[in-house]
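Let's take a walk through a protein model together.

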Amino acid sequence: MANEPNSVFESSLDKTNLILKDIEQAYGWSKERRNQSFAALRTVLHLLRDRMPVQESVEFSAQLPVLVRGVYFDGWDPSNVPVKLNRDDFLYEVRRGFPYETDGGPERVVQVVLDTLRRHVTQGEWDDVRATMPRDLARMIP
C-alpha cells in the first residue's frame, strides 16, 4: 500500500508525457520544446473547458491523467461557464494564450492538441464534447 500513491503519480506522469510527446511528434519538435507542447495543451484545454457546460467539463476531465486534470482545472471558475466562443473567437484566444510562432498558426495548434486528446479519451466522451460545441467550432473537433 505504501507504494500505491507513488505508482499513481508515476502512471499519471507517464500518461502526461505521452500526451506531450504526441504533440511534439505531430510538429516534429524535439523534447527540448516541451514548454511549447505544454503551452499548446494548456491553452486548448482551458478554452475547451470554458466552452463546455460544467457537468460535461467534469465528465471529460475524469478521462484525463491526474496531472493533466490539474492543469485543466487550474484557474477554473465554474460560475463563469460556458463562455460563448465561436470558431474565430476560439482561434483568437489560442493565439493570445499560446505565445509561440508555429507552422499553421492557431488552427494547427488546435488541431494537433485535439487530435492528441481524442486518442486519450473514449469515443463516447469525445462525441459528448463535440455535441456541446457550436456548429462552426464542432467542425474543428476530430
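This is a predicted model: local features need pLDDT of at least 70, side-chain atom pairs count only at pLDDT 80 or more; totals for chains, interfaces and linings use all residues.

**A walk through the helices**

Residues are numbered from 1 along each chain as its sequence is written, and side-chain values use heavy atoms, with hydrogens and water left out.

Back to our starting point. Thr116 sits in helix α6, which covers residues 105–118. Which residues does Thr116 touch, not counting those up to four places away in sequence? They are Ile19, Asp22 and Ile23, where a contact means heavy atoms within 4.5 Å. Take Ile19: it is 97 residues from Thr116 in sequence, yet the two C-alpha atoms are 6.6 Å apart in space.

Now zoom out. The protein has eight helices and zero strands. Helices (H or I, at least four residues) and strands (E, at least two) are DSSP runs, numbered from the N terminus. The radius of gyration is 15 Å, close to the 14 Å that the globule rule gives for 142 residues, so the protein is as compact as a globular protein of that length. That radius is taken over C-alpha atoms, and the rule is 2.2 Å times the number of residues to the power 0.38. Along its principal axes, the C-alpha trace spans about 50 × 35 × 25 Å.

How much of the protein is buried? Buried residues make up 42% of the 142 residues. As for contacts with a separation of 6 or more, 68% of them are between residues 24 or more positions apart.

Next, find helix α4, residues 66–73, where Val68, Val71 and Tyr72 are buried. They cover an arc of only 105° around the axis, which puts them on the same side of α4; the arc is that of the directions from the helix axis to the C-beta atoms. Two of these residues turn up again when you look at His46, in helix α2 (residues 34–51). Leaving aside neighbours within four places in sequence, His46 is in contact with Val71, Tyr72 and Asp74. Is His46 buried or exposed? With 10% relative accessibility, His46 counts as buried.

Phe73 also lies in α4, but at 25% relative accessibility Phe73 counts as partly exposed. Again setting aside neighbours within four places in sequence, Phe73 is in contact with Arg49, Val58 and Ser61. Once you leave α4, you meet Gly75, whose phi is positive, near 80°.

Our last stop is Gln123, in helix α7 (residues 123–131). Gln123 counts as partly exposed, with 38% relative accessibility. Not counting residues up to four places away in sequence, Gln123 touches Arg118 and Arg130. Glu24 is 99 residues from Gln123 in sequence, and their C-alpha atoms are 23 Å apart in space.

Methods:
Buried means under 20% relative accessible area, exposed over 50%, partly exposed in between (1.4 Å probe, protein chains only).
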